[in-house]
Amino acid sequence: MIDIRLVRTDPDAVKAALSRKKVDPAEVDALIDRDEALRRITAERDDLRAKVKALSKEVGAARKAGDAERAESLAAESRALGEDAKVRERQATALEREVREMLLLIPNLPAPEAPGGDGPDDNPVVAQGGPDAASYPEHQRVPHWETAATLGILDNERAVKISGAMFTMFRGQGAALARALCQLALDRNADAYEEIRPPTLVLSDTLTASGQLPKFADDAYHVGRDDLWAVPTAEVPLTSIYRDEILDEADLPKRLMAYTPCYRREAGAAGRDTRGLLRTHEFDKVEILALTTPEQGPALHQELRDRALGSIEALGLTWRWVEICTGDLGQSQHRQFDLEVYAPGVAMWLEVSSVSWFTDYQARRANIRYRPAGEAKGTALVHTVNGSALAVPRVWAAVVESNRQPDGSVAVPEALWPYMRGARVIA
RNA sequence: GGAGAGGUGACCGAGUGGCCGAAGGUGACGCACUGCUAAUGCGUUGAGGGGCGUUGAGUCUCUCCGAGGGUUCAAAUCCCUCCCUCUCCGCCA
């Protein structure tokens, strides 16, 4: 959620910032209107309550003094005010809900330094590295699903039998490779990040805190019988770890990482990227996340990007870093970097990591605060940043394609040797 | 899933209708005492919303004792529903 106080004090700045995300200023005006009504009703309600409290005390005093008549008349007066207060209370509750629902749907303000643009095509490439995308030889211009089928390391046909379309299954060395990638990402970040193994079925409140609900309910799997949601990313449980808590500034930044499976319905993506591993309902990912002070936010955002990049470089892949323009920025994001790797077999740049700075947008939803050092009282909202340290399927695909040997085998990148039970080649 | 007990502030814990945002203790912080430490004494110490004022001066007010409803002039306290924790039984990787 954005700060309602900012909406009150500087509505024009909010509208201007949000217009870069294509939000209609009328939405902001509607919010202001409801907020004003809420504050008016709340003031009336509180005033009535104060009177009821004062009168109630007098009733007690009169009773004690044995003045039953006066007590009764005061009680009657208080009763009448109480009726009024109850009416106001109902109105206030309805307005509170309205304001909150509006606030939950209004996106975060984009960073001033986020580039303008209408969509993905306008995302500027900031940097690139690894082998030249044009340098891959002919024997590496083979889609991973073909190589994998030959080697018997991917069995999507049977995955579909088991779970339906867009589910995948790794086999043998392919399964080991998938697990090795996770292990690599965890080990590379264990120097600074606490490893978490969180639950992956979560409450609606948890999914709301990180921004997926209420707007993106269709994208997530819901277990109706128990009203639980399958997490689309470890960001969801990690963000909620300190929900409704107050941290010490000395404990910030708090760095966390988790390997989890991720579940996505891909509701709007029917028929797209259905071959191989480019888009699947269930995949493994290592997520890194930090809770920071506002001052630490930008630095941690860079740190996360560099860490995500570190694993990709260790694997020897061709990569590029794009910055997401305002028209393509997600609802909760203030600023976002994407990392893409080049997959020579499918001749595509694959998005493998998305590193985002949310300012206090998630923290306000999740109510995660900290006590600024040196100040006896008062709290402030933390900032959240997170990113994929490594998302398995697309990296798996890129590794298989860019390490394919002329004989059809796949050389295991050296960084993964410790995790492949001695295998240097998948054949 | 069945039976029972319980959920109060950073923590422990008292509180069965008004004098309770809440005793007492622990912890933390400040001051005093002390050669230092310790001990002792005194004091301070929750969060959130709104109004007026200020820009970090305050002041008034409302809300919060697991959550949500209800009874009452008045609810931490009485009633209802739900959630969670613990113990025993059942089941089970």
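**Entry 1: contacts with the RNA.** I began with Arg369, where an N or O atom of the side chain is 2.7 Å from a sugar or linking oxygen of RNA strand B. I note at once that the model is predicted. I then looked up Ser78, where a side-chain N or O atom is 2.3 Å from a sugar or linking oxygen of RNA strand B.

**Entry 2: where the RNA surface comes from.** I asked which elements give two or more residues to the surface near RNA strand B. They are helix H1 (4–9), H3, H4 and strand S12 (368–371). The largest share comes from H3, with 10 residues.

Entry 3: I sorted the surface near RNA strand B by class and got 4 nonpolar, 5 polar and 11 charged residues. I also looked at the RNA side of the contact. Of the atoms of RNA strand B within 4 Å of the protein, 79% belong to sugar or phosphate, and the rest belong to bases.

**Entry 4: H3 and H4.** Two packed helices are described by the angle between their axes and the distance between the axes. Helix H3 covers residues 25–64 and helix H4 covers residues 68–105. Their axes are 7 Å apart, at an angle of about 155°. Angles over 145 degrees count as roughly antiparallel, and H3 and H4 are therefore roughly antiparallel to each other. I noted the crossing of H3 and H4 as left-handed. By class, the contact of H3 with H4 has 20 nonpolar, 5 polar and 16 charged residues.

**Entry 5: H7 and H10.** Helix H7 (residues 173–189) and helix H10 (residues 297–314) have axes that come within 10 Å and cross at roughly 130°. H7 and H10 are therefore oblique to each other. H7 passes H10 in a right-handed crossing.

**Entry 6: aromatic rings.** How many aromatic pairs does the structure hold? I found 4. I wrote down one of them, Tyr136 with Tyr342, whose ring centres are 6.1 Å apart and whose planes are at 35°, so the pair is tilted. This pair links distant parts of the chain, 206 residues apart. Tyr136 is in the loop between strand S1 (125–129) and helix H5 (144–151), while Tyr342 is in strand S10 (residues 335–343).

**Entry 7: backbone.** Most residues other than glycine have a negative phi, and most peptide bonds are trans. I looked for departures from this. The peptide bond from Leu213 to Pro214 is cis, with omega near 5°. I placed Pro214 in the loop between helix H8 (204–209) and strand S4 (222–223). The bond from Leu252 to Pro253 is also cis, with omega near -5°. Pro253 sits in the loop between strand S6 (245–248) and strand S7 (254–263). Met166 has a positive phi, near 65°, and is a residue other than glycine. I found Met166 in the loop between helix H6 (156–163) and H7.

Conventions: Residues are numbered from 1 along each chain as its sequence is written. Chains are lettered from A and ligands numbered from 1 in the order in which they are written. This is a predicted model: local features need pLDDT of at least 70, side-chain atom pairs count only at pLDDT 80 or more; totals for chains, interfaces and linings use all residues. Side-chain values use heavy atoms; hydrogens and water are left out. Axes are lines fitted to C-alpha atoms, for helices over the stretch in contact, and angles run from 0 to 180 degrees between N-to-C directions. Helices (H or I, at least four residues) and strands (E, at least two) are DSSP runs, numbered from the N terminus. Angles under 35 degrees count as roughly parallel, over 145 as roughly antiparallel, 65 to 115 as roughly perpendicular and the rest as oblique. A crossing is left-handed if the near helix is turned anticlockwise from the far one by less than a right angle, and right-handed if clockwise. Ala, Val, Leu, Ile, Met, Phe, Trp, Tyr, Cys and Pro count as nonpolar, Asp, Glu, Lys and Arg as charged, and the others, Gly among them, as polar. A residue is near a molecule or strand if one of its heavy atoms lies within 4 Å of it. A polar contact is a pair of N or O atoms within 3.5 Å; within protein, one must be able to donate a hydrogen and the other to accept it, and residues adjacent in sequence count only if both atoms are side-chain atoms. Rings of Phe, Tyr and Trp (its six-membered ring) pair if their centres lie within 6.5 Å; planes under 30 degrees apart count as stacked, over 60 as edge-to-face and the rest as tilted.
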